[in-house]
Amino acid sequence: MAAAIYSLYIINKSGGLIFYKDCGTKGRMDTNDSLRVASLWHSMHAISQQLSPVNGCSGIELLEADTFDLHCFQSLPGTKFFVVCEPGTPHMESLLRYIYELYTDYVLKNPFYEIEMPIRCELFDINLTQAVQSDRVALLGR
């Protein structure tokens, strides 16, 4: 049985939360809390890029805590995708890349979507739900 994914966030390059999905029963957050988490993560990610002693650092990719892991993928245009999951959940990097593919296929190619605005796309939601289901996560380790 695959480990649980708690939540998924998509942040635009300006730091605005454009998508939030609560995937589990642990740690359910209201809208204000999810906005605060996204804002805090955007700030920490930006600061880590500036403070890193490594040239060309793209920011924090993994934050490990006692009760959760936070995995982050930043696309070339600057959109950040991050997932909060059980510690030690495998294949999160592959899952985040797959979610980025879904984002490009169903959101960016949608003629009614305005860049940098909140995502409201039914096909994206349906495919995202399928991607984060526990039986699918194990298969994404490609």
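The chain contains four helices and five strands. In this predicted model, the order of elements along the sequence is β-β-α-β-β-β-α-α-α. The chain comprises 142 residues, of which 39% are buried. Of the contacts between residues at least 6 apart in sequence, 48% link residues at least 24 apart.

The largest nonpolar core holds 24 residues, and the members that touch the most others are Tyr103, Ile119 and Phe124. Two or more residues of this core come from each of strand S1 (5-11), strand S2 (17-22), strand S5 (80-85), H2 and helix H3 (122-132). The greatest contribution is that of H2, which supplies eight residues. Another core, of 10 residues, lies apart from this one and includes Tyr9, Leu17, Ala38 and Val84. Within the largest core, the surroundings of Tyr103 can be listed in detail. When residues up to four places away in sequence are set aside, Tyr103 is in contact with Ile18, Thr79, Phe81, Leu108, Tyr113, Ile119 and Phe124. Two of these partners, Ile119 and Phe124, are themselves named with Tyr103 as the members touching the most others in the core.

Attention then turned to the open spaces of the model. At least two lining residues are supplied by each of strand S4 (69-74) and helix H2 (92-108). Of the lining of this pocket, S4 provides the largest share, with four residues. Sorted by class, the lining comprises five nonpolar, five polar and three charged residues.

A disulfide is a covalent bond between the sulfur atoms of two cysteines. The number of disulfides found in the model is zero.

Thr67 is located in the loop between strand S3 (62-64) and S4. Its relative accessibility of 58% is over 50%, so Thr67 counts as exposed. Thr67 and Cys85 are separated by 18 residues in sequence, and their C-alpha atoms lie 8.8 Å apart in space. With residues up to four places away in sequence left out of the count, Thr67 touches Tyr6 and Pro87.

Val37 belongs to helix H1 (residues 31-51). With a relative accessible area of 27%, Val37 falls between the limits of 20% and 50% and is therefore partly exposed. Its contacts, residues up to four places away in sequence not being counted, are with Tyr9, Met29 and Phe82. Val37 and Tyr9 are 28 residues apart along the chain, and the distance between their C-alpha atoms is 9.2 Å. Tyr9, in turn, is one of the residues of the 10-residue core.

Methods: Residues are numbered from 1 along each chain as its sequence is written. This is a predicted model: local features need pLDDT of at least 70, side-chain atom pairs count only at pLDDT 80 or more; totals for chains, interfaces and linings use all residues. Side-chain values use heavy atoms; hydrogens and water are left out. Ala, Val, Leu, Ile, Met, Phe, Trp, Tyr, Cys and Pro count as nonpolar, Asp, Glu, Lys and Arg as charged, and the others, Gly among them, as polar. A nonpolar core is a set of buried Ala, Val, Leu, Ile, Met, Phe, Trp, Tyr and Cys residues joined through side-chain atoms within 4.5 Å. Buried means under 20% relative accessible area, exposed over 50%, partly exposed in between (1.4 Å probe, protein chains only). Contact means heavy atoms within 4.5 Å. A disulfide is a pair of cysteine sulfur atoms within 2.5 Å.
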